[in-house]
Amino acid sequence: MSRVEERERARTIVEAARSVVTATFADIRFGRRLDMASLEPVVAGIAASVSRDPAALPGVTRLKQVHEYTYLHSVAVCGLMIALARELGLPDGATHEIGLAGLLHDVGKAKVPVALLDKPGPLNLEEYAVVQQHTTRGRELLEEAGLTSPIALDVCLHHHERVDGQGYPDRLAAPDISIHARMGAVCDVYDAVTSRRAYKKSWSPGAALEWMSETTGQFDPQVLGAFRRIIGPFPIGSLVRLESQRLGLVVDEDDAPGGAHQVCVFMCAATRRQLTPVRVGTARDPILGLELSSRWHLDDWAARRTALLAEFRRA
């Protein structure tokens, strides 16, 4: 099956999952008990899609609209957690439980005022403290529903912990944070920053991974390294050097697995001379590797990357 066909199947799975997750959050807001039985087929469907093509489902969920972020974020993190578990070589028997943990990691946000979740600007300290309570409220909701999965309970409570001990709610440091919570931290943040929110524009996958890799103290390096492998070596938004010794920005990926990339070249790496931006395919001019914008002293790289993606990505 081609990636295009799997993406169509993934869209169907995502739509069904969104409906179930939306209903789940609504039930919680109205004081009804969490219906765990309705979530089991959702996890199974997502796992099946990931097993066929790990890139298909993230490609669909990344296009989520602002108003559906909370629900599709849960679906996206479920798929990313399953793919990451397989990349890390975790036991197959734990895959479903890990996927369920991803699906339910933010369930506590059903008890957070929607006005805070969708606030079109930064939260003040008091508002941020309220939002932080979603981790403890989420675990309470899962326990009230009779969920006994230690992985799901742990990820729900601890996916905002940091390896340097500066996270919440328990300020756990690296030795005390489970592998599953470390996975949750990576998957949660990646999907959050690559999604359009009420208060910010989305980052490209390449921009997100560059920032996450340069951030110290937040993520487990081994988990993040495995995560980079499931996203792919040169995701959209990556700064790369081509065999022709030109620097360029990855603006698109071919649909076929292992296919070529489309790159907007804009600088000669040998002379550092600026070039007129033009789109080229890597089938004829292969990518040699990733580059760091700081090494090349690219002025206002974040804004420039955004402008190039807007101009050169396929509609």
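**Exercise 1. Classify F219 as buried or exposed, then describe its ring pair**.

Step 1. F219 has 7% relative accessibility and counts as buried. Buried means under 20% relative accessible area, exposed over 50%, and partly exposed in between, with a 1.4 Å probe and protein chains only. The model is predicted: local features need pLDDT of at least 70, side-chain atom pairs count only at pLDDT 80 or more, and totals for chains, interfaces and linings use all residues. Residues are numbered from 1 along each chain as its sequence is written, and side-chain values use heavy atoms, with hydrogens and water left out.

Step 2. At 32% relative accessibility, W211 is partly exposed.

Step 3. Now the geometry. A pair of aromatic rings is described by the distance of the centres and the angle of the planes. Rings of Phe, Tyr and Trp (its six-membered ring) pair if their centres lie within 6.5 Å; planes under 30 degrees apart are stacked, over 60 edge-to-face, and the rest tilted. For W211 and F219 the centres are 6.4 Å apart and the planes are at 80°, giving an edge-to-face pair.

Step 4. Widen the view. Ring pairs join W203, W211 and F219 in a cluster.

**Exercise 2. Find what the pair of Y190 and F227 ties together**.

Step 1. The whole structure holds six aromatic pairs. One of them is Y190 with F227, edge-to-face at 4.9 Å centre to centre and 65° between the planes.

Step 2. Place the residues. Y190 sits in helix α10 (residues 179-193) and F227 in helix α12 (residues 221-231), so the pair ties together parts 37 residues apart in sequence. Helices (H or I, at least four residues) and strands (E, at least two) are DSSP runs, numbered from the N terminus.

Step 3. Check burial. Y190 is buried at 4% relative accessible area. F227 is buried too, at 0%.

Step 4. List the contacts of F227, meaning heavy atoms within 4.5 Å. Beyond its neighbours within four places in sequence, F227 touches L80, L84, V186, C187, Y190 and L209.

**Exercise 3. Describe the nonpolar cores**.

Step 1. A nonpolar core is a set of buried Ala, Val, Leu, Ile, Met, Phe, Trp, Tyr and Cys residues joined through side-chain atoms within 4.5 Å.

Step 2. The largest core has 62 residues, and I46 and F227 have the most contacts inside it. Helix α4 (residues 69-87) gives the largest share, eleven residues.

Step 3. A second, separate core has 15 residues, including I236, W296, W301 and L309.

**Exercise 4. Work out how α8 and α9 are oriented to each other**.

Step 1. The axes of helix α8 (residues 134-144) and α9 come within 7 Å and cross at roughly 160°. Axes are lines fitted to C-alpha atoms, for helices over the stretch in contact, with angles from 0 to 180 degrees between N-to-C directions.

Step 2. Angles under 35 degrees count as roughly parallel, over 145 as roughly antiparallel, 65 to 115 as roughly perpendicular and the rest as oblique. The two helices, α8 and α9, are therefore roughly antiparallel.

How values were computed: Contact = heavy atoms within 4.5 Å.
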